[in-house]
Amino acid sequence: MGNNNTVEFIQEKCAVMRRDVIEMGYIAGGRGAHFGPALSSIEIMASLFFNIMNHDPKNPTMPDRDRFVQSKGHACLSYYSALIESGYIAKDQKSTFKQDESILSGHPSRNIEHGIEISSGSLGNGFAVACGMAKAAKIKKENHKVYCLVGDGECNEGIIWEAAMNGAKNKLDNLVAIVDRNGVQLAGKTSDIMDVDLVALWKAAGWEVLVLEDGNDLPSILEALEKMKNSKSGKPHAIIANTTKGKGISFMEGSINWHARVMNKEQYEQAILELESN
Amino acid sequence: MSNAPIDKLKEWSKQGHRNVLGDSLVMLAAERPEMCTVTADLTPTARLTGFRDTYPDRFFDVGIAEQNMIDFTAGLAVEGVLPYAVGLAAIVPMRPAEQMRVTLGYMNLNAKVVCIEAGVRFGPLGNTHYAMDDIAVVRAIPNFTVISPSDPLQIYKTIFAIADHDGPVYVRLTGGPGFPVMYPEDFDFQIGKAIEYKEGSDVAFISTGSMLGAAVEAANTLEGKGISTRVVDMHTIKPIDTDMLDKVFAENKLVVTVEEHTPIGGLGAAVAEYKTGFENTPKQVMASLGDKFQKLGDYAFLLKENGLTAAGLANLAEANF
Ligand SMILES: Cc1ncc(C[n+]2csc(CCOP(=O)(O)OP(=O)(O)O)c2C)c(N)n1
């Protein structure tokens with residue numbers, strides 16, 4: 001799987017995935033769900049799973065598969081929707097999200113058979129582990145890539161920069177980090193909580209950096225990923241993707257109130273209506 | 001300390017420990033101008049919005065950077081500010097454990113670390129969000145006091161009491177929305193002094209945190225079967241109240257420690273460590289989360305799975321008595 005899917009095909013997948021996110025989050029009921037963080041990353045996830053990555057849901061342990069690590073693990077709904085729509089997880093599992101004894105926990109839990117390489121949810125660790133995985137590929141002389149989704153708030157963590165420096169030192173040109181810069185973290189706007197120049201920081205750490213004006217625009221994210229995948233810079237790659245938290249649902253877009261929340265019936269119906277009219 | 005806010009207990013019990021914390025910090029700040037709050041991007045989660053808006057000059061968000069939060073807190077404490085660092089129990093004592101050891105513990109700094117959602121209350125969020133080992137981590141650091149209050153009023157009293165206690169303190173908060181009011185009226189709370197909640201001479205439940213409710217209920221069940229049962233509220237796990245333990249070891253036939261924590265290094269371990277120095281002490285069994293990562297499930301499911309319900313505790317005691 002991977003390549004050959006048209007932009008139109010992936011665009012349709014994005015629509016389905018957004019619906020999955022809303023449905024699963026609503027099913028979680030009083031247990032709530034991280035809607036905003038999942039919705040900002042839909043185009044990134046769909047690009048990886050339906051075009052960029054070399055992988056096979058029928059053969060999840062294929063040695064030369066590209067690896068994906070969702071370091072901002074609280075956005076698991078965008079990950080689960082990609083795994084469901086690409087066939088790693090049966091569609092009927094959707095209703096088990098966050099339910100007792102389900103495999104679909106509120107943060108991804110390592111489960112190779114279902115396409116989950118790394119447990120995440122404690123911010124910062126996934127990215128540093130991804131660096132180790134990229135190094136392992138080099139040691140084993142394997143040609144696959146490692147893709148890692150990082151949050152912009154997550155970049156507050158020291159471990160991110162420790163790992164970024166180590167990634168550059170080890171010339172991990174088989175590693176692509178995508179920073180989902182949606183501008184909002186848990187308690188407020190990223191610019192209010194820790195206003196930093198992320199582009200300058202990633203560059204200073206020794207990474208090849210590409211800034212995406214609109215990380216929710218499918219053709220541009222596809223183009224950026226393709227470019228980084230084929231780059232000969234010899235450095236690890238970072239795509240700083242400017243996105244919108246809660247993208248696609250008017251009352252969630254850019255809102256700090258939809259970082260994590262319980263969705264009521266009225267909100268659910270409005271969200272579905274908006275998705276259907278698009 | 002201001003008068004106990006008895007009128008708030010019902011509401012606090014309904015809201016859960018986070019609101020008790022947020023409200024108590026605002027009340028404390030009114031009395032202690034040197035006090036401040038530090039957090040790592042958790043303002044709404046830890047109910048600190050009120051504090052931030054009331055005392056913006058005494059509120060610091062370091063971003064999602066728990067190690068930095070602890071060392072920043074240490075720097076404030078060194079200079080005589082009274083900092084309360086507030087974080088998630090699943091993340092904070094573990095990730096900055098070394099900072100807690102070498103800055104707060106080693107220098108015996110007057111800083112407070114208060115963590116929300118200890119134990120498995122975060123249920124559906126999964127194992128990254130369960131704090132099952134935080135007591136073990138902090139208890140192993142010299143100079144640290146470790147407290148796990150049992151109900152809304154005790155949380156309030158703890159937040160005030162630690163301000164008057166010179167030295168590093170870790171407070172682990174358990175009990176989600178709907179946790180019971182165990183102390184409906186003002187009571188005497190002293191760090192390091194356990195509370196004998198109920199007398200009894202056969203079994204002794206020694207519990208910490210919001211497990212007290214289940215322990216009392218289990219004790220009542222055992223009483224109904226003719227087993228006289230004592231319940232001790234061991235809110236301070238370090239230093240542990242050895243006077244109370246001496247009394248229990250002398251008078252009870254079975255000790256059941258009850259905690260939302262691994263059996264390794266927590267309350268049960270602290271009791272066993274003390275007990276091992278004496279001959280002829282009663283048998284001890286530990287009700288705990290076990291030495292394992294948990295299945296996914298909501299709070300009630302996980303408590304039941306681990307026997308941390310009134311029925312589970314009564315069964316455990318009966319089977320070992
Ligand atoms: C180490 C750690 N600290 C704190 C948290 C709590 N937390 C969960 S999500 C979040 C905000 C993340 O913001 P960002 O990385 O910008 O991701 P977004 O939600 O915007 O996609 C925080 C603080 C955590 N999961 N892990």
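## Tyr299(B) and its partners

The side chains of Tyr299(B) and Glu260(B) are joined by a polar contact of 2.8 Å (a pair of N or O atoms within 3.5 Å; within protein, one must be able to donate a hydrogen and the other to accept it, and residues adjacent in sequence count only if both atoms are side-chain atoms). Tyr299(B) belongs to helix H11, residues 299-305 of chain B; helices (H or I, at least four residues) and strands (E, at least two) are DSSP runs, numbered from the N terminus. With 18% relative accessibility, Tyr299(B) counts as buried (buried is under 20% relative accessible area, exposed over 50%, partly exposed in between, with a 1.4 Å probe and protein chains only).

Setting aside neighbours within four places in sequence, Tyr299(B) is in contact with Val120(B), Arg121(B), Gly123(B), Gly175(B), Gly176(B), Ser210(B) and Glu260(B), where contact means heavy atoms within 4.5 Å. Gly123(B) is 176 residues from Tyr299(B) in sequence, yet their C-alpha atoms are 5.0 Å apart in space.

## How to read the model

This is a predicted model, in which local features need pLDDT of at least 70 and side-chain atom pairs count only at pLDDT 80 or more, while totals for chains, interfaces and linings use all residues. Residues are numbered from 1 along each chain as its sequence is written, chains are lettered from A and ligands numbered from 1 in the order in which they are written, and side-chain values use heavy atoms, with hydrogens and water left out.

## The ligand site

Which residues come nearest to the ligand? Of the 24 residues around the ligand, they are Lys72(A), His74(A), Asp152(A), Val184(A) and Glu66(B); a residue is near a molecule or strand if one of its heavy atoms lies within 4 Å of it. The site is shared between chains, because residues from chains A and B surround the ligand.

An N or O atom in the side chain of Lys72(A) is 2.5 Å from an oxygen atom of the ligand. For His74(A), such a distance is 2.7 Å, and for Asn182(A) it is 2.9 Å. Of the 590 Å² of accessible area that the ligand has on its own, the protein covers 98% (areas come from the Shrake-Rupley method with a 1.4 Å probe; for residues, only the protein chains shown count as cover).

## Inside helix H3 of chain A

Glu43(A) sits in helix H3, residues 42-52 of chain A, and is buried at a relative accessible area of 3%. Its side chain makes a polar contact of 3.0 Å with the side chain of Asn216(A). Beyond residues up to four places away in sequence, Glu43(A) touches Cys14(A), Arg18(A), Gly215(A), Asn216(A), Leu218(A) and Ile221(A).

Ser47(A) is in helix H3 of chain A too. Is Ser47(A) buried or exposed? Ser47(A) counts as buried, because its relative accessibility is 0%. A polar atom of the Ser47(A) side chain lies 2.7 Å from the backbone oxygen of Glu43(A). Among the residues that Ser47(A) touches are Ile10(A), Leu222(A) and Leu225(A).

## Salt bridges within and between chains

Over all chains, a search of the whole structure finds 31 salt bridges; each is a side-chain nitrogen of Lys or Arg within 4 Å of a carboxyl oxygen of Asp or Glu. Glu117(A) and Arg65(A) form one, at 2.8 Å from N to O. Glu117(A) lies in the loop between helix H4 (76-86) and helix H5 (125-139) of chain A, and Arg65(A) in the loop between H3 and strand S1 (67-70), so the pair ties together parts that are 52 residues apart in sequence. Glu117(A) and Arg65(A) are buried.

Another salt bridge links Arg95(B) to Glu157(A), with the closest N and O atoms 3.1 Å apart. This pair crosses between chains, and both Arg95(B) and Glu157(A) are buried. In chain A, a network of salt bridges links Arg19(A), Asp20(A), Glu23(A), Lys94(A) and Glu276(A).

## Backbone details in chain B

Lys238(B) and Pro239(B) are joined by a cis peptide bond, with omega about -5°. Pro239(B) is in the loop between strand S10 (236-238) and helix H9 (242-251) of chain B.

Arg47(B), a residue other than glycine, has a positive phi near 55°. Arg47(B) is partly exposed, with a relative accessible area of 34%.
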